[in-house]
Amino acid sequence: MKKPLRWLLIALCALLMAVAPGMDFHVQAKALPDGVGLVDMLYQLIARTTAAFSTDSIALAALAIVFCWLANRFFFRAGQKFRLGEALLCAFLSGMMLLASAIRTGGSVRLLYENGFQVTKAALYLAGMYLIDLSACRALRAALAAGESPLNVGAAARWAQRLTFGRALLIIALCWLPQIIIKYPGVLMWDTFHQIKQFIGDVPRMNNHPPLGTLLYGLVYRFGALVGNVNIGYFLFMLLQAGAMAAVLAWSLAVMRRQAAPPWVRLGALLLYAVSPCYAGWATVICKDTMYLTLCLFIGVLLLEAAQGFPAFWADKRRLLALGGAMVLLWLTRHNGVLIVVTVLAALAVMLLQHRFAPRQWARLAVLALATAVLATGVNEALLRSLSIQRVYMHDVLTLPFQQTALSAKRNEAETPAQERAVIDRVLDYALIAQRGGSWYADAVKDTYRATATAEDRAAYLRVWAQQMLRYPVDYLDAALIMNSVLFDLQFNRPMYVGLTDNTLTDDVYPYSYNDMSLYNSAEIVPLNAAQRMLTQWYFSFDDLPVLGWFATMGFATTVMLLMAYLTASGGRKRGLLVMIPSAVTMVGCLFVPVAYLRYALPYVCSLPLWFAAYYGAAGPTPKAAVPVQATGEVGGGSAE
């Protein structure tokens, strides 16, 4: 390619990449209302599309320079090959960003084809975001391939090499200590509040929350009351769970060190563990989400060891016992924990097939699977019976259909047949959902579910839902995107951190930061109120920080996970995908949760450093046949190979 043409294409690519992130999708008035003919149409095209470039001119110039460099480096140099998988993945990511932008701007994908100028803007945005995603994918591949980064030499590399389990734990503990003190005695979020209320008999006991948490947090409250100050019980438990999470994080760094992960991976992971509120901000919240996050990270680190040396891992009974115990607790901690357990067991079966293990090794997998299922279901059943917990229909699984029905009812109420309304009304309060449809807060619709609905009512409702999906496909797509497009949106995040304040459960001090001080010795905490508000504000501001803040956002974590999954698989390191199982299952589950915010996405947002470690830990060919060796070493100890 001749240089003038090459630089012209580079400039065009850079311009598209620079203007795309700041594209304004609001429908604009005609720039020339009375215009006719081709020239006037071109005038309007220029005026209305350039008016949508909302980025400041100085920032736009800086972006253009950066994107010129990226385009020159990754698009037009010799050796850059076309890869179908890469092209499809980047097309998917840019398409999701386009849809997310439309939903964020106007609440409907109809915004993208409102008129010809909107279509032009959508095409420009799609092209620019595609080029950004493509350059990011190729830059990430180049960075991973480089391996020996500048941080691999000199003092930084030597310091990273000395990052043992104990030293890492000490650093994390010191960084978390001020937050632990400020958030004394630990935060009860609303789910925990209701679980304690159920345990002490103030409200009916129901299995909408896992019974293990109801028992555990109820006992913590009772212990505090027994010693004369409930705050003491909360604080001791908060110290225990924060210590457990910090230990798992420090252990992950020790495993990365043994597997010779590049220093930049280890130092970057330590930085995130120490400063990101996704870790400390939730380690100090007493709730099932914190326990679930810690268990997901624990299983992720175990799978990191398995990816690096599966025969040795499979021969180590202590590691398998640790994995089995973690899976049982995961199953009992959240209702959807079973999905991760099943997926992990299926992945282990695939690994056994790849290594052509003997039948007795398959027996070990069968024992692991059976013991996990029997223990988890048995303990859960025993808790339900011993605590006299009422079983209720878990209608959360219908959250997405409910949202789609609600938006359809709001937009098409006049033309919806009375018979369909009657069927829907037996399951949901039709009058209320017609008012509440279109909100990202799906609980507002889900809470109208009628407890009197039978299995036949739900079956009839689903038939109506399917009929309306064919009749109103755009409305159904809008409803789904209103719920979950934030998971792919790089320009908008929905953070959630729960902080102690002197408010009640219904006072909105910070977004989603609700609490109820009636279960605390609240007078003791008053001197910390100002510091607690300050810390909560820092948490909610963190994702606005340049670069570092990205690592606390759902859209960035989703994008990196998909890119790393593709690069790991296409790079001949498929064993590294093992580590992504808790992350991938969580992310897919977030597509269907009532509210897609950070609380539910924590297991994959916080696992990001493990994906990079897995890429390097799974290097080398997978053996066609392997004989398990006797492994030694404890979980968190030396290598098992």
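What is the handedness of the crossing of H10 and H13? This is a predicted model, in which local features need pLDDT of at least 70 and side-chain atom pairs count only at pLDDT 80 or more, whereas totals for chains, interfaces and linings use all residues. Residues are numbered from 1 along each chain as its sequence is written, and side-chain values use heavy atoms, with hydrogens and water left out.

The crossing of H10 and H13 is left-handed, a term used when the near helix is turned anticlockwise from the far one by less than a right angle. The axes of H10 (residues 230-258) and H13 (residues 288-308) come within 10 Å and cross at roughly 15 degrees, and the two helices are therefore roughly parallel to each other (angles under 35 degrees count as such). Helices here are DSSP runs of H or I with at least four residues, numbered from the N terminus, and axes are lines fitted to C-alpha atoms over the stretch in contact, with angles from 0 to 180 degrees between N-to-C directions. The residues in contact (heavy atoms within 4.5 Å) include Met245, Leu249 and Met256 of H10 and Leu293, Leu297 and Phe298 of H13.

H16 (residues 337-355) and H17 (residues 359-386) pack at about 175 degrees, with their axes 11 Å apart, and are therefore roughly antiparallel to each other (over 145 degrees). Among the residues that meet there are Leu345 and Leu348 in H16 and Trp362 and Leu365 in H17.

Leaving aside neighbours within four places in sequence, Trp176 is in contact with residues including Met245, Leu249 and Tyr273.

Notes:
Angles under 35 degrees count as roughly parallel, over 145 as roughly antiparallel, 65 to 115 as roughly perpendicular and the rest as oblique.
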